[in-house]
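I opened my notebook today to look at a structure one step at a time.

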Amino acid sequence: MSRLPLQGLLVLEFSQYLSGPSAGLRLADLGARVIKVERPQTGDAGRRLSIKDLWTDDSSLLFHTINRNKESYAADLKNPEDLALVKKLIEKADVLTHNFRPGIMEKIGLGYPEVKKLNDRIIYGAVSGYGKEGPWKNRPGQDLLLQSMSGLAYTTGNAKDNPMPFGLAIADNLCGSQLVQGILSALIRRQKTGTGALVEVSLLESLLDFQFELLTTYHSSKKLPKRSNVNNGHPLLNAPYGIYATTNGYLAIAMVDLKQLAKAIDCNELMAYDQKEAFSLRDEIKLVLAKHLAMQPAAFWLEKLHAADLWAMEVLDWDQLTKHEAYTTLQMEQTITTSKGAKITTTRCPIRINGERLFAAKPAPQLGEHTEAINKELIGKEQRIG
Amino acid sequence: MKPLQDIIVIDFSQFLSGPSAGLRLADMGAQVIKIERTGVGDICRQLYVSNVMIAGESTIFHAINRNKQSYAADLKNAADLEKIKEIIAQADVLMHNFRPGVMERLGLDYETVKAINPQLVYAEVSGYGNEGPWKDLPGQDLLLQAVSGLTWLSSNRSDNPTPMGVAVVDILAGTHMAQGILAALFQRTITNEGSLVQVSMLESILDFQFEVLTCFYNDGRELPVRSEINNGHAYLSAPYGIYKTADGYLALAMGNITQLATLLGCEPLQQFTNTAEWFVKRDEIKTILANHLTGGATDAWLAVLEPADIWCAKVYDYDMLVEENGYQALNMEIKVKTSNGLSITTTRCPIRIDGEIYTSDIGAPLLGEHNIIIEEQFGLKKHPVSNAV
């Protein structure tokens with residue numbers, strides 16, 4: 001790749017865990033230089049958060065996944081000398097992100113008005129859990145809690161199940177995406193006007209935005225969305241939308257005309273239903289279908305469904321998927337060598353530019369790994385005071 | 001000034017993934033023109049069915065396409081196609097989600113269009129990328145969830161693989177498309193050149209799983225195992241999950257089990273002093289916790305947990321949520337109006353710029369509603385197509 005789109009941009013990341021850092025990762029993969037500003041000794045709290053107790057070098061594999069392609073600058077923001085150096089970095093930066101709770105950056109003296117005085121071209125990105133006003137503003141901005149409070153937990157699983165969360169950090173991920181969109185939009189404006197911007201996103205607003213179809217439908221109907229009793233795929237959608245068991249594995253069937261479906265899979269019982277009943281009788285229809293599909297293997301059905309151009313796919317796990325040619329063709333994996341020589345395989349940026357995949361060999365940084373180099377290069381300082 | 005003011009986006013995409021990216025660009029100030037097939041339009045106007053309709057169209061179409069314009073054209077008609085090319089020549093962004101090969105047949109593929117407008121950012125979203133055995137299969141949300149392994153992460157171990165109940169693949173692919181477009185627009189301010197931006201739903205939904213996939217790649221390819229009950233995340237220890245109480249539901253995120261035992265007065269939990277057990281014995285711990293929590297009301301549990309800074313929350317449905325001050329303080333709802341007077345309440349852009357909430361009261365367009373003003377704007381009236389050819 002000759003030139004990455006964000007080449008030349010300097011991003012200072014005060015963010016921790018996932019939401020802010022996932023935005024930093026995307027900006028880095030698109031070509032920006034991202035420097036994590038981390039507390040000495042401890043650093044991004046995400047360094048200590050592991051899943052399956054997997055560690056690489058001194059930090060969790062999770063941290064390495066989220067923070068590859070970044071540098072680390074250690075600074076104690078409560079120490080005036082360190083803070084002065086950080087302010088020098090801010091003068092040189094194009095973007096700053098943080099996800100401290102409301103008020104913390106202001107207390108340090110790095111609220112937007114102060115930072116703007118140092119650098120009026122900076123794009124200042126702030127992530128919060130629930131916005132900076134209102135009774136929830138000091139609540140912990142944790143993904144599962146946001147899923148639970150935003151109504152999202154009533155979209156997944158069947159009607160009789162408990163509210164069911166998404167099994168991934170959807171709020172963090174989407175909020176990071178919104179932050180990237182806001183920052184990039186503001187950078188485009190800056191090229192015209194010469195002035196920076198304050199970009200604010202919250203986990204809650206991001207999750208409400210995510211549910212915009214369901215919420216708009218709710219506002220017009222005044223009725224709560226209902227998960228279907230069986231094989232729920234999406235609360236607003238008709239039968240057959242959902243996942244069904246076969247004699248060997250599972251099959252997903254999306255929006256499909258009932259008569260065409262009945263014909264394709266040779267199901268007489270299903271023939272009795274009119275397309276107009278596909279929503280009102282969806283539980284009954286899904287039960288008929290589930291019974292029928294349970295009699296043959298997934299591949300048997302899939303061949304018939306695809307022959308009729310109907311929207312269906314086999315359900316795969318990662319083992320099956322990663323061995324499939326459709327997956328290997330993507331070249332979605334990349335192997336990265338950490339600064340201590342460990343090798344990690346992870347995913348690459350999902351966006352392709354000018355037909356090229358964006359790989360990045362730079363690993364996640366050791367805490368403070370680049371402090372000296374950055375002092376020298378960006379601050380023009382040979383040795384740290386004291 | 002909104003950040004994307006003066007940016008013109010020509011959007012050929014349908015359904016949700018592409019149009020959701022278009023909506024965000026519109027929210028940020030761009031002029032987004034949907035190019036729709038004469039007489040039919042975006043298939044989402046009819047096909048994406050829910051049981052709630054607004055003026056004969058799905059509520060979903062209105063939510064996705066507010067704040068946009070509609071230009072109706074038959075791309076197989078030479079005169080219409082010429083007009084479209086003139087619009088493209090003056091646009092900043094083109095977006096589409098046709099299956100691989102369709103834009104080539106129309107003569108609107110990137111190489112051809114680049115010759116007309118070298119500064120154009122050309123963005124496409126596909127289901128599975130432009131190569132490989134699945135390239136011609138329909139890129140539909142549930143199907144992408146199914147093949148990507150995502151359905152083995154939600155719900156409990158003995159349940160069927162369970163899809164996420166919102167079109168998560170479409171939405172994520174849309175955000176990645178918007179990110180690519182914006183990055184390319186930024187680059188253009190420096191290089192004065194356009195770019196090709198490509199995303200696929202499959203790569204997007206794999207990216208969404210980047211943390212857990214990285215775990216899988218590096219731990220000997222062990223598949224995720226959902227907890228037997230109250231699963232919140234296949235890779236996380238007890239108590240992570242949602243629990244039934246005497247009068248509703250309570251969410252508990254990462255937390256110290258023995259501290260919870262003390263706060264909740266749950267004696268049987270006191271024995272789990274070894275933190276490693278919180279993962280290994282999570283089903284056992286969750287079972288004890290689930291039985292205990294049904295003995296009290298949600299608010300009563302919150303009253304002991306919140307002061308101790310435990311990560312917990314009451315589980316809301318929309319009826320409960322919209323009554324909360326915490327929700328109302330966001331001003332998340334906006335009313336938009338279509339040109340035929342239909343008023344719809346929907347959500348606003350979730351990004352605030354310079355402390356400002358961006359709202360717009362412009363509803364989704366009628367099919368072809370803006371043909372005349374767009375032809376004026378792009379000078380198509382003054383140069384009749386018959387003369388131009």
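These entries follow the order in which I looked things up.

**Entry 1: what kind of model.** Before anything else, I noted that this is a predicted model. I keep that in mind for every entry below.

**Entry 2: chain A as a whole.** How many helices and strands does chain A have? I counted 16 helices and 15 strands. I then looked up the box that the C-alpha atoms of chain A fill, and along the principal axes it comes to roughly 85 × 45 × 45 Å. Chain A has 386 residues, and 56% of them are buried.

**Entry 3: contacts along the sequence.** I wanted to know how far apart in sequence the touching residues of chain A are. I took the contacts between residues at least 6 apart, and 68% of those join residues at least 24 apart.

**Entry 4: domains.** Chain A has a domain 1 made of 10-210 + 331-379, and a domain 2 covering 242-315. Notice that domain 1 of chain A is written as two stretches of sequence.

**Entry 5: where the chains meet.** How many residues of chain A are in contact with chain B? My answer is 115 residues of chain A, touching 113 residues of chain B. Which helix gives the largest share of the chain A side? That is helix α7 of chain A, residues 170-193, with 15 residues. Sorting the chain A side by class, I got 63 nonpolar, 37 polar and 15 charged residues.

Entry 6: I was pleased to find strands from the two chains pairing up. Strand β8 of chain A (residues 197-202) pairs with strand β14 of chain B (residues 352-353) in the antiparallel sense, over 2 bridges.

**Entry 7: a hairpin in chain B.** My last stop was strand β9 of chain B (residues 241-244) and strand β10 of chain B (residues 249-252). They run antiparallel and are joined by 4 bridges. One of the residues I checked was B:Gly241, whose bridge partner in β10(B) is B:Leu252. Together β9(B) and β10(B) form a hairpin, with 4 residues between the strands.

Notes: Residues are numbered from 1 along each chain as its sequence is written. Chains are lettered from A and ligands numbered from 1 in the order in which they are written. This is a predicted model: local features need pLDDT of at least 70, side-chain atom pairs count only at pLDDT 80 or more; totals for chains, interfaces and linings use all residues. A residue is buried if 20 or more other C-beta atoms lie within 10 Å of its own, exposed if 12 or fewer, and partly exposed in between; C-beta atoms are placed from the backbone. Two residues are in contact if their C-beta atoms, placed from the backbone, lie within 7 Å. Domain bounds come from an automatic or database domain assignment. Ala, Val, Leu, Ile, Met, Phe, Trp, Tyr, Cys and Pro count as nonpolar, Asp, Glu, Lys and Arg as charged, and the others, Gly among them, as polar. Two strands pair if DSSP finds at least two bridges between them.
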